[in-house]
Amino acid sequence: MELISFVIPCYRSEKTIEGVVDEINAKMKELSNSVHAAYVHEIVLVNDCSPDGTMAVIKKICDKYDNVTGVDFARNFGQHSALMAGLREAKGDIVICLDDDGFIYTVSLMAENQDNIRRLNATGSDILIRD
């Protein structure tokens, strides 16, 4: 069984990030219960020194779910640095990078595009870019 990592840079996300994590967990549970395949997943949330209560929400989410890890920057380094920190923390065989705005199109695509995941695995590719 492969591990899928979701990496999400967070900035001013206190009102959205919990819903994003809940949606990812629900969709992954749905996928695991389907005939497609069983997946194990983790979620890496990187707080880019957000001035709101984002880190407090991330801590609450980490307490709620065993599969969520939080990373906290001491100062704002920007989205790309937060993404790179999340990629370093991720342990997955497949890594999916998402924004923190609650738009989880990528997770829904997994159910419809099992062939893409099989193609990644079969060819040994490191990256799949969808348009």
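Guide: A nonpolar core is a set of buried nonpolar residues, from Ala to Cys, joined through side-chain atoms within 4.5 Å. The model here is predicted.

Visitor: Which residues touch the most other members of the largest nonpolar core?
Guide: That core holds 21 residues. Membership requires burial, meaning under 20% relative accessible area. The members with the most contacts to other members are F6, I8, I17, I24, I43 and L45.

Visitor: Which element gives the largest share of this core?
Guide: Elements giving two or more residues are β1 (3–10), α1 (17–33), β2 (40–47), α2 (54–64) and β4 (94–97). The largest share is six residues, and its source is α1.

Visitor: How many residues are in the second, separate core?
Guide: Among its members are V46, V71, A82 and A90.

Visitor: Is C62 buried, partly exposed or exposed?
Guide: Buried means under 20% relative accessible area, and exposed means over 50%. C62 has 22% relative accessibility, so C62 is partly exposed.

Visitor: Which residues form a nonpolar patch on the surface?
Guide: One member, M84, lies in helix α3 (residues 79–89). M84 has a relative accessible area of 44%, so this residue is partly exposed. Together the patch residues have about 230 Å² of accessible area. They are M84, L87 and V95.

Technical notes
Residues numbered from 1 in each chain as written. Predicted model: local features only at pLDDT ≥ 70, side-chain atom pairs only at ≥ 80, totals over all residues. Heavy atoms only, no water. Patch = residues over 30% accessible without salt bridge, like charges linked within 9 Å, V, L, I, M, F, W, Y side chains within 5 Å. Areas by Shrake-Rupley, 256 points an atom, 1.4 Å probe, with all protein chains shown as cover. Salt bridge = Lys/Arg side-chain N within 4 Å of Asp/Glu carboxyl O. Helix = DSSP H or I, 4+ residues; strand = E, 2+ residues; numbered from the N terminus. Buried < 20%, exposed > 50% of the residue type's maximum accessible area, 1.4 Å probe, protein only.
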